[in-house]
Amino acid sequence: MTSLDRVVEPGLDELAEAPVGPVPSGERAAGERSLLDVLLHPESLAIIGASDNPVSLGGRPLGLLAAAGYAGRVYPVNPTRTTVQGHPAYPSVRELPEPVEVAMVMVKAKLVPAVLRDCAAAGVRVAIVLSSGFGEGTGHGAELRDEIAAIVPTTSMRILGPNCEGLASLPASAPLTFSPVLDAARTGQVVLPGRVAVLSHSGGLGFAVAQWGSRAGIGFNYLISTGNEGDLDVLELADRLLVETDTALAVLVLEGVAEPERLTALARQARQLGKRLLVARLGRSDAGARGSLAHTRHDATSLDGLTALCATEGIVQAGGERELIDVLQALDKVPTLAGRRIGILATSGGAGVWLADACRDAGLAVPELSPELQQRLAGFMPEYGSPVNPVDLTAQFIATGSFAPAIEALAGSGEVDAVVLATSLASAGRLEQDREALAELLRRDLPPLVVYTYTHPAESCVRILEGLGLAWYTSSTGVARGLAAVAPAPATPAG
């Protein structure tokens, strides 16, 4: 693949030595925006195949754009109607009042090649093909995929898709998709803004990451699905996002890559920029690989070396949906740990034990605390408590104590690299008395604090946790694998 501005990519050695940063404006025509900027912040948009039915796939984008407050110019294209959902409609992209920057293509697969030629002739810079039927499934339509591939080198227009679910640019209030995840009026939940980008072969899973992540207080900026990748692909887009935007973390949901060595180059680029990559691989089983090929025509076996690559290049890998969100929350909210020693403060002895076991399973250490520190912590608990680590403050503490002094003592001891508060947050208002004290602790140069609520948390407690910017979990395994993702690699035994 070529880069977004169609320049030849350097080899891996050249990339390691090349300066990183935004593409100098002098390399483009004066005043011309980069294609990434056009894709993520389009000033004008055509919806080709727009439907008058607002709940149909072709009808949803108009409603989503209006609800999001998209400020650009939108032109529905439908040859059979003069208006679509109250907007003037046009019979062809060639007959629009102006050349548009982005075109969403939502017509039958057999019509797509001709529509793309019209788009190129009309000056469209990026076409997003949401239509399906290009060799996925039983293979029907593979010839149309080849026809699209033949169009790409003949024009400067770039193509996202086909068979994708579009994208959402939160900074531009631009949901260029039909995904229900962006329909807050129906779901009752908004996707939170932040600095995490999701790039996925699967549109459904890519947008789901943002929905589940938002529930955990994670904020997103760009959600991009690439489908069959007839032109633009996940790795190219991720590279440019890391360079050209304030994206701090890119989540890649992959079914396969044509050139695995490009993932190595992307990892090196991210490391140079001080940014993070989280990869979820689909199609690890024989059945899954068959499904990936049928779904987006990707060869899942091309990622067989992913685990080794992640270990050598500093990529974090997630094996499933829950693990992905657990790890993502830690990467987004928890600074890199100085070591692998975890201190546990629990108001349930059992929860502390369970968490200690989970930490061990994740390769983390829960060291026994020094006698001096144990003596200090004993002052925060009844006689039947335990200060050894896990520290059992006992259930009595929930009703009568403040967490802050015990957290401060443990975090400031120099004996642990992170502190986990394991408690019940089922009662509304439970954290009210500790809000300011916790905020003050978080302003100090102390090891990171993470919260594990072993009961379902009250919404008021969740709001406080998210207001403080704390990572919080409802399972011991979630805490452990999140912390393991931000801990340094275990030391290799000498010899």
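Predicted model: local features only at pLDDT ≥ 70, side-chain atom pairs only at ≥ 80, totals over all residues.

Me: What does valine 416 touch, not counting residues up to four places away in sequence?
Reply: Valine 416 touches Arg341, Ile342, Gly343, Leu369, Leu410 and Pro447. Take leucine 369: in sequence it is 47 residues apart from valine 416, and in space the two are 8.8 Å apart, C-alpha to C-alpha.

Me: What makes serine 214 buried?
Reply: Serine 214 has a relative accessible area of 6%; the cut-off for buried is under 20%, so serine 214 is buried. Serine 214 has its place in helix α7. Leaving aside neighbours within four places in sequence, the residues in contact with serine 214 are Gln189, Val190, Val191, Leu192 and Phe220.

Me: Why is α7 called oblique to α12?
Reply: The axes of helix α7 (residues 203–215) and helix α12 (residues 321–333) come within 10 Å and cross at roughly 60 degrees. Angles under 35 degrees count as roughly parallel, over 145 as roughly antiparallel and 65 to 115 as roughly perpendicular, with the rest oblique. That makes α7 oblique to α12. The crossing of α7 and α12 is right-handed.

Me: Which residues meet between α7 and α12?
Reply: From α7 there are Val209, Trp212 and Gly213, and these meet Leu324, Ile325 and Leu328 in α12. The residues of this contact of α7 with α12 divide into five nonpolar, one polar and no charged.

Me: Why are α13 and α19 oblique to each other?
Reply: The axes of α13 and helix α19 (residues 476–485) cross at roughly 40 degrees and come within 8 Å. Roughly parallel needs an angle under 35 degrees, and roughly perpendicular needs 65 to 115. α13 and α19 are therefore oblique to each other, and their crossing is right-handed. Trp354, Leu355, Ala358 and Cys359 of α13 make the contact with Ser476, Thr477, Val479 and Ala480 of α19. By type, the residues of the contact of α13 with α19 divide into six nonpolar, two polar and no charged.

Me: What makes β16 and β19 edge strands?
Reply: Their sheet is an open one of five strands in the order β16-β15-β17-β18-β19, with parallel pairing. β16 (391–392) and β19 (471–473) each have a single partner strand, so one side of each is left without a neighbour in the sheet.

Me: How do you know that β15 and β16 pair?
Reply: Two strands pair if there are at least two bridges between them. Two bridges join strand β15 (residues 342–346) to β16, and these strands run parallel. Leucine 345 of this pair stands opposite valine 391 in β16. Helix α13 (residues 349–361) lies across β15, β16, β17 (418–423) and β18 (449–453), running at about 160 degrees to β15.

Me: Why is strand β13 described as largely enclosed?
Reply: Five of the six residues of strand β13 (residues 276–281) are buried, so β13 is largely enclosed by the rest of the structure. Strand β12 (residues 249–254) pairs with β13 in the parallel sense over six bridges, and leucine 252 stands opposite valine 279 in β13.

Me: Is serine 173 buried or exposed, or in between, and why?
Reply: Serine 173 has a relative accessible area of 27%. Buried means under 20% and exposed over 50%, so serine 173 is partly exposed. Serine 173 lies in the loop between β8 and β9 (174–177), and its phi is near 50 degrees, a positive value in a residue other than glycine.

Me: What is there to notice about asparagine 389?
Reply: Phi of asparagine 389 is near 95 degrees, again a positive value in a residue other than glycine. A cis peptide bond joins asparagine 389 and proline 390, with omega about 10 degrees. Most residues other than glycine have a negative phi, and most peptide bonds are trans. Asparagine 389 lies in the loop between α14 and β16. With a relative accessible area of 7% against a cut-off of under 20%, asparagine 389 is buried.

Methods
Residues numbered from 1 in each chain as written. Heavy atoms only, no water. Axes fitted to C-alpha atoms, helices over the stretch in contact; angles between N-to-C directions. Helix = DSSP H or I, 4+ residues; strand = E, 2+ residues; numbered from the N terminus. Left-handed = near helix turned anticlockwise from the far one by under 90°. Contact = heavy atoms within 4.5 Å. Nonpolar A, V, L, I, M, F, W, Y, C, P; charged D, E, K, R; others polar. Buried < 20%, exposed > 50% of the residue type's maximum accessible area, 1.4 Å probe, protein only.
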